[in-house]
Amino acid sequence: MSDLYDVTIIGGGPAGLYTAFYCGMRALKTKIIEAKNDLGGVITHFYPEKTIYDVGGIPQITGEELVDRLTRQAKTFQPELITNQVIAGMERQEDGSFKLISTTGEVHRTRKIILAVGCGTFEVNKLQLKEAARFEGKSLFYAVRHIQQFAGKHVVISGGGDGALDWAAELAPLCHKVTVVYRGTEFTHALEHQMQRLKSHSVDIRTDSEIVALTGDDILQSVTVRNVASGHEILQADALIVNHGFNYGLGTLESWGMSIDDGGIVVDQRMESSVKGIFAIGNAAKYPQKVYLIAAGFVEGPIAVNSIKQDLDPKAPAQAMVSTHHEFFTNKKV
Ligand SMILES: Cc1cc2nc3c(=O)[nH]c(=O)nc-3n(C[C@H](O)[C@H](O)[C@H](O)COP(=O)(O)OP(=O)(O)OC[C@H]3O[C@@H](n4cnc5c(N)ncnc54)[C@H](O)[C@@H]3O)c2cc1C
């Protein structure tokens, strides 16, 4: 039988990582379970190389660097860290603790649960062409994770959303050529400054068009574009970036009995959901005046953890000793 943990945090995004650190400040036996094979949540998957300016005390930092720092901080008290496991099932035990069950059948035992699941599990919408899989990860990408890998290349971007236009503007100054292929007639959500950046970098824009075929052995050589009015055209391409949005959702977590409002888990001022013992923090949590910022999880996590600590040990102080006076760190200095 697996060990019983005080707290299991589901989700290894920024909120989950910081909360694992704070659990250590309260001497709680902690486990984090993350669905993807890497930590960092949407930062890692959508904007690792973007610069973040609105985390208190850090004037600017890339997404990747922030995740690296959060991960190192999360490991301070050595929580159990599990990746590549999607938690789907939950069973309440007679003693009030929980069993968590992953989609692949692993079972985890825990006294309390913190859901730091953001918008839930997310999967990108893939290009619906049978040859696409052959190029994936080599010259067909569903996210820009390392911008320099595209330097000097002819890059075709499929999609017309915010992300597609943002990548086009970022890549254009370092690429040989950037072409955006979009099946809509107009970029309805584009901001004025975004369109100006595309223009100033001479990004080639093809509206009313879609990619219908890819050519090359394992490495892409060209894409065939079909335009509603002018028909087919072959464009030389070294790399294709597809931004067709993504599918996300809480999935089976919605059937755990918690009150859910517009995809968010409704919590009280203790960050507890309507199911006793299950807490929610970060983008997953919903309450009046909720702020969807990385920094929000840095406060909501400690609120949940302090509530849990007092539930498990009613005599425990309301919050952890501040880090400047915390015995773990003062002992470390000697
Ligand atoms: C393009 C973009 C730019 C942004 N820029 C900024 C910015 O400049 N400043 C800022 O403050 N915020 C920014 N944000 C918002 C910020 O990224 C989020 O507020 C933050 O990531 C929320 O953190 P989280 O840990 O709550 O959730 P997430 O980052 O979404 O992490 C949740 C994690 O839970 C995992 N998970 C979900 N379901 C399960 C399950 N069933 N089992 C196991 N694991 C599961 C997911 O795989 C994911 O890793 C931006 C967001 C985007 C998309």
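## Overall build

The model is predicted. The protein has 334 residues, and 49% of them count as buried. Its secondary structure comprises eight helices and 22 strands. Along the principal axes, the C-alpha atoms fill a box of roughly 75 × 45 × 40 Å.

Contacts reach across the sequence. Take those in the protein with a separation of 6 or more: 58% of them join residues 24 or more positions apart.

## Surface and charge

The protein carries 33 positive and 38 negative charges.

## Two domains

The protein is divided into two domains. Domain 1 is built from two segments, 4-122 and 247-333. Domain 2 takes in residues 126-244. Taken over C-alpha atoms, the centres of domain 1 and domain 2 are 36 Å apart.

## Where the domains meet

Seven residues of domain 1 are in contact with seven residues of domain 2. Interface size is often given as the accessible area lost when the parts come together. Between domain 1 and domain 2, the buried area is about 610 Å². Carbon and sulfur atoms give 35% of this buried area.

On the domain 1 side, three residues lose the most area to domain 2: His45, Glu49 and Lys50. Together they make up 61% of what the domain 1 side buries.

Note on methods
Residues are numbered from 1 along each chain as its sequence is written. This is a predicted model: local features need pLDDT of at least 70, side-chain atom pairs count only at pLDDT 80 or more; totals for chains, interfaces and linings use all residues. Side-chain values use heavy atoms; hydrogens and water are left out. Helices (H or I, at least four residues) and strands (E, at least two) are DSSP runs, numbered from the N terminus. Buried means under 20% relative accessible area, exposed over 50%, partly exposed in between (1.4 Å probe, protein chains only). Contact means heavy atoms within 4.5 Å. Lys and Arg count as positive and Asp and Glu as negative; His and the chain ends are not counted. The place of a charge is taken as NZ of Lys, CZ of Arg, CG of Asp or CD of Glu. Domain bounds come from an automatic or database domain assignment. Buried area is the accessible area (1.4 Å probe) that two parts lose on being put together, summed over both.
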